[in-house]
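User: I would like to learn how to read a structure like this one, feature by feature. Could you take me through it with the general idea first and the particular case after?

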Amino acid sequence: MTAANNPGRERILERIRAGLRTAVAAPAEAASDAMIFETIANPVERFQEEAKANLIDCLMTSDSAGSAQQLAQVLNSLPPGEIFVQDAPAVRRLIERSRSQRPVRWSSQGGPPEASQATITLVEALIAQTGSILVSAACGGRGASVVAPCHIAYATRDQLVPDLETALGNASRQGILENNSFACVISGSSRTADIEKILVQGAHGPRRLVVIVESS
Amino acid sequence: MSTAAQRFLRDSAEKSADLVHREIIRKNMESYDAGHLKGRDRFKDWEAARRRCQEIKREAVNHLDQYLLQFEENVIARGGHVFWAEDSEQACAYICELAQRHGVKTVVKSKSMVTEEIELAPALGKLGIKVWETDLGEYIVQLRHEPPYHIVTPAMHLNRGQIRDLFREQLGEDVPDADPQKLVALARRKLRQAFFAAEMGISGANFIVADSGAVAISTNEGNGRLSTSLPRVHVAVTGIEKVIPRLTDLATLWPVLATSGTGQPVTTYGTLLGGPRRAGEADGPEEFHVVLVDNGRSRLLANAEEREVLHCIRCGACLNICPVYRHIGGHSYGTIYPGPIGSVLTPHLRGSEFAHLSSASSLCGACTSVCPVRIDLHHHLLHNRRDFASAGQTKWRERMMFKMWRAAMARPRLYAMGGELMRCSLRVLYALGLGGSVFDPMRVWRRGRAPVPLPKESFRSLWKKEAKS
């Protein structure tokens with residue numbers, strides 16, 4: 001947008017600068033260095049607790065065989081139909097080991113179709129403080145974590161970080177937003193309480209979020 | 001008295017007497033109160049979190065030009081577009097032109113108070129573009145042709161039976177038992193078609209992040225995700241005051257916003273959008289536009305006393321705790337932003353026609369006590385009252401009454417005599433059966449309430465007796 005077709009830009013900036021010439025007094029109580037959140041002693045335990053509170057199915061596995069077995073069980077519990085899968089070597093191996101017979105549409109072929117029964121993606125990080133997963137566009141695209149009724153996220157335990165501060169700090173340092181047009185901290189399935197504050201899952205996005213966390 | 005003020009008095013009297021409405025709000029607020037308190041307990045130090053958020057917003061607003069320019073630079077570097085709109089007209093014109101250029105017929109919109117403020121949906125509607133509100137609460141009030149009732153829960157004023165009836169009339173489908181699960185499923189089915197058909201998605205922004213050029217949106221339903229993922233054009237519309245310096249600031253702002261808004265630890269989706277779809281990405285919009293709306297905000301910035309009003313993160317906590325809001329509800333205010341924050345902000349954004357809102361408060365200070373960014377809301381209501389009175393926007397009679405009051409307050413004996421005279425006069429008046437008549441100074445109070453019994457003795461004489469004993 002050039003200055004010629006957005007003349008309001010300079011006028012707004014002028015008004016802001018003129019307004020800011022009047023200094024304001026500092027607040028009576030300045031921000032302290034007090035701890036805002038509790039220190040997380042056991043991130044794995046905390047992640048599991050918070051994930052449960054967020055109504056996430058958190059499946060801890062010790063190896064890739066265990067992960068494939070868990071994935072197969074989840075897929076067997078879903079109605080028949082195509083699944084959308086992030087096209088990444090680790091997920092291809094997982095799908096192969098699960099021996100799923102479902103038709104697969106890979107993220108390299110485009111976004112997830114509306115009729116997908118489930119999506120399977122990797123994550124950028126797991127966040128213990130809030131029981132969340134961090135995904136980016138690299139994790140199968142934007143729709144991969146929101147279009148289907150079930151989202152299955154596949155992670156390893158070394159992706160676990162203690163809190164949001166660490167997750168967002170790492171995202172900044174690793175250039176996740178520089179390299180992707182999208183990132184999202186997901187803390188459960190899609191939900192609403194807009195009717196009489198009664199919680200209903202699956203408002204517009206997944207009714208179910210499954211996170212498979214492998215030990216290594 | 002202005003028309004807006006007359007409407008306010010009429011609507012608030014009507015709503016506060018509507019017992020069904022009050023029961024719905026009471027239930028909602030009880031549920032919110034419990035969640036909010038539980039959410040606060042999850043913090044080691046809630047007050048420290050509030051101070052941190054205040055500091056973040058203070059830094060951002062007091063360096064607004066620098067952070068907005070940094071944000072703009074980062075958005076443009078990633079292939080996005082930024083438009084600065086001085087007012088609603090410019091913002092709507094830009095988005096309408098964009099929609100026409102892309103041949104847009106359908107727009108899906110996630111919840112955004114700024115788009116309500118600039119009246120974007122009617123502007124697009126005039127061009128024959130169908131706009132779908134996709135947040136469930138917004139969808140419900142859109143079907144009722146109503147503005148949102150609350151900043152966070154737009155359909156808080158309706159119960160499941162009313163929503164069932166609305167869906168039956170407007171969508172032609174019945175949910176006989178009014179089960180919320182089935183009502184939500186029905187809305188999901190209808191809106192899914194819109195998500196996949198829309199050419200343009202419009203969102204607001206809870207925050208815009210200067211150091212990463214990202215728009216941060218907090219949603220629970222996932223409608224914000226779908227609106228910004230599926231259509232080929234995404235437009236984020238936001239006030240200029242929403243900028244924050246750093247991505248890591250969200251580590252405090254996100255949990256505090258969620259706790260204050262709904263009592264959740266964090267909202268389900270904390271989405272960061274930093275441009276159009278990149279090469280190699282599976283999906284996402286081909287174009288990404290951010291519309292930065294001023295609409296009176298820079299004027300408020302120049303008011304050093306009230307500048308901190310721009311720190312507001314629109315969590316709705318001040319509405320939820322306000323005894324006035326809890327009785328008169330969101331629509332009575334006749335403004336986009338209701339409750340204490342709306343009463344402070346609206347006269348600045350929309351002029352003196354809304355000066356009366358500064359008096360729509362008991363000045364109890366509850367709003368200030370819960371504000372997650374520590375805005376001194378009740379004092380700002382007083383500042384507004386003072387400013388409007390100083391500007392001569394009061395009646396001659398009111399000014400005289402206050403002069404007399406001030407004179408009496410400065411002379412204790414005169415005040416005591418006045419009090420005694422008033423008590424005697426009222427006793428005679430009530431003995432003559434003229435209570436509630438035109439001669440009764442308490443007649444307005446008595447219109448909707450039981451008469452207050454006259455005390456036998458004044459507070460002054462009771463105080464003296466107490467001191468002697």
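User: In which loop of chain B does B:Pro154 lie?

Analyst: Bearing in mind that this is a predicted model, B:Pro154 is found in the loop of chain B that runs between α8 (136–143) and α9 (160–171).

User: Is B:Pro154 buried or exposed?

Analyst: The general idea is to count C-beta neighbours, and a residue is called buried when 20 or more lie within 10 Å. B:Pro154 has 26 of them inside 10 Å and therefore counts as buried. Apart from its neighbours within four places in sequence, B:Pro154 is in contact with B:Asp135, B:Gly137, B:Glu138, B:Val141, B:Pro148 and B:Tyr149.

User: Which residue in β10(B) stands opposite B:Val82, and in what sense do the two strands pair?

Analyst: In a regular strand the side chains alternate between the two faces of the sheet. Here strand β1 (residues 81–85) of chain B pairs with strand β10 (residues 287–293) of chain B in the parallel sense, over five bridges, and B:Val82 stands opposite B:Val290. Strand β1 of chain B is mostly covered, since four of its five residues are buried.

User: Which strand of chain B pairs with strand β9 (residues 182–186) of chain A?

Analyst: That partner is strand β9 (residues 269–273) of chain B, and the pairing is antiparallel, again with five bridges; within it, A:Ile186 stands opposite B:Tyr269.

User: How should I read the packing of α5(A) and α12(B), and at roughly what angle do their axes cross?

Analyst: Two packed helices are described by the angle between their axes and the distance between the axes. For helix α5 (residues 164–173) of chain A and helix α12 (residues 250–261) of chain B, the axes come within 8 Å and cross at roughly 135°, so the two helices are oblique to each other. Their crossing is right-handed. A:Leu164, A:Glu165 and A:Leu168 from α5(A) meet B:Leu250, B:Ala251 and B:Trp254 from α12(B), a contact made up of five nonpolar residues, one charged residue and no polar ones.

User: How many residues of chain B are in contact with chain A?

Analyst: There are 79 residues of chain B in contact with 66 residues of chain A. On the side of chain B that touches chain A, helix α10 (residues 180–197) of chain B gives the most, with eight residues, and by class this side divides into 34 nonpolar, 25 polar and 20 charged residues.

Methods. Residues are numbered from 1 along each chain as its sequence is written. Chains are lettered from A and ligands numbered from 1 in the order in which they are written. This is a predicted model: local features need pLDDT of at least 70, side-chain atom pairs count only at pLDDT 80 or more; totals for chains, interfaces and linings use all residues. A residue is buried if 20 or more other C-beta atoms lie within 10 Å of its own, exposed if 12 or fewer, and partly exposed in between; C-beta atoms are placed from the backbone. Two strands pair if DSSP finds at least two bridges between them. Axes are lines fitted to C-alpha atoms, for helices over the stretch in contact, and angles run from 0 to 180 degrees between N-to-C directions. Angles under 35 degrees count as roughly parallel, over 145 as roughly antiparallel, 65 to 115 as roughly perpendicular and the rest as oblique. A crossing is left-handed if the near helix is turned anticlockwise from the far one by less than a right angle, and right-handed if clockwise. Two residues are in contact if their C-beta atoms, placed from the backbone, lie within 7 Å. Ala, Val, Leu, Ile, Met, Phe, Trp, Tyr, Cys and Pro count as nonpolar, Asp, Glu, Lys and Arg as charged, and the others, Gly among them, as polar.
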